[in-house]
Amino acid sequence: MSKIRLTGVKRQTKYSPNHIGNDGTIYNMTAQSLREMGYEVQDYTESEFVLSDIKDDYIFNMARDKSTIKWLKQLEDKGSVVVNSAYGIENCTRGKMTEILIENKIPHPESIIVDSNEDPTEKLEAMNANAYWLKRGDFHAIHREDVAFARSITEAKEILKEFAFRGIPNAVINEHLVGDLVKFYGVADTDFFFHFYPFDISHSKFGLEEINGAANMYPFSVAALKEACDKAGEVLNVKIYGGDCVVAKDGSFKIIDFNDWPSFAPCREQAAPKIAECIHKQVQKNLK
């Protein structure tokens, strides 16, 4: 009996800010785990994949480029099993993610979505926040300037003007939450869930964890966080996920970011086999 062939698509390096090695490593470890499970795995870069004539039934990917996502969606529409779903990857762009999480009552900071050339003064005053986070709404964060902290409405308006100057069409503005910043990773259809305090181990893309500072270790329910994250993954349509939340002094938490297939850098030895297990389960579902 011939091996089932899987197509794997690596993440283009420009979409791995300060994590090129980490993203490449988790991809390679997952591909190796799948090979050890008996699959034939053919690796592609995003540019190779878009230029290819691949019509494989089973694809796993860390893609981010819009042309790759477009091609993956076409294959998905024709019946290919794609993990993470190209539609899910699109859902994790900031504006869509914010709308979907709020609509589905996932714990989330108060937020608004504004055009970068509008005056947000009235909307910001209505938020009644002490400080704000401005995040490009049209895509994932690529550059440090794509996520910015503002201590006042005046500062927020200046940052929004910079977004407009850079050609970013819209922005998500979150209220700043006081509490412990906690990073998490999860894999759907498995028992894998990992969380940690990024400030304490200097795990960062852009160094913004310094705003919340060292963790106070406020007690909270990890089971409740996992349940909320699993639901977020379900409504966003991503199986392999990670993100950040802020835990308040009373133990409540709100998810401030949710990403498709992050680096899993602090836990990749445990995560890679679980990611492979998740992909395997999607293949097996299709075979039945």
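**Reading the sheet and helices of a predicted model**

Tutor: This is a predicted model, in which the chain averages a pLDDT of 91 and 93% of the residues score at least 70. Over residues 202–207, however, the pLDDT is below 50, although this stretch has 21 contacts in the model beyond near neighbours in sequence. Where pLDDT is low, the predicted coordinates should not be read in detail.

Student: What makes β1 and β3 count as paired strands?

Tutor: Two strands pair if there are at least two bridges between them, and three bridges join β1, residues 5–9, to β3, residues 58–61, the two strands running parallel. Within this pair, Thr7 stands opposite Ile59 in β3.

Student: In what order do the four strands of the open sheet stand, and which of them are at the edges?

Tutor: The order is β2-β1-β3-β4, with parallel pairing. β2 (40–44) and β4 (81–83) each have a single partner strand, so one side of each is left without a neighbour in the sheet, and these two stand at the edges. On average, neighbouring strands of this sheet are turned by 20° against each other, direction ignored.

Student: Which strands does helix α1 touch, and how is the helix directed relative to β2?

Tutor: Helix α1, residues 20–36, packs on the sheet and touches β1, β2 and β3, while its direction makes about 160° with that of β2.

Student: Which residues meet where α1 packs against α9?

Tutor: From α1, the residues include Asn22, Ile26, Met29 and Leu34, and among those they meet in α9 are Arg268, Glu269, Pro273 and Ile279. Sorted by class, this contact has eight nonpolar, four polar and two charged residues.

Student: How do you know that β9 and β10 are paired, and in which sense do they run?

Tutor: The requirement is at least two bridges, and β9 (residues 180–187) and β10 (residues 193–196) pair over four bridges in the antiparallel sense. Phe184 stands opposite His195 in β10, and in the hairpin of these strands, with five residues between them, Asp189 takes a positive phi near 65°.

Methods: Residues are numbered from 1 along each chain as its sequence is written. This is a predicted model: local features need pLDDT of at least 70, side-chain atom pairs count only at pLDDT 80 or more; totals for chains, interfaces and linings use all residues. Side-chain values use heavy atoms; hydrogens and water are left out. Axes are lines fitted to C-alpha atoms, for helices over the stretch in contact, and angles run from 0 to 180 degrees between N-to-C directions. Contact means heavy atoms within 4.5 Å. Ala, Val, Leu, Ile, Met, Phe, Trp, Tyr, Cys and Pro count as nonpolar, Asp, Glu, Lys and Arg as charged, and the others, Gly among them, as polar. pLDDT is the predictor's confidence in each residue, from 0 to 100.
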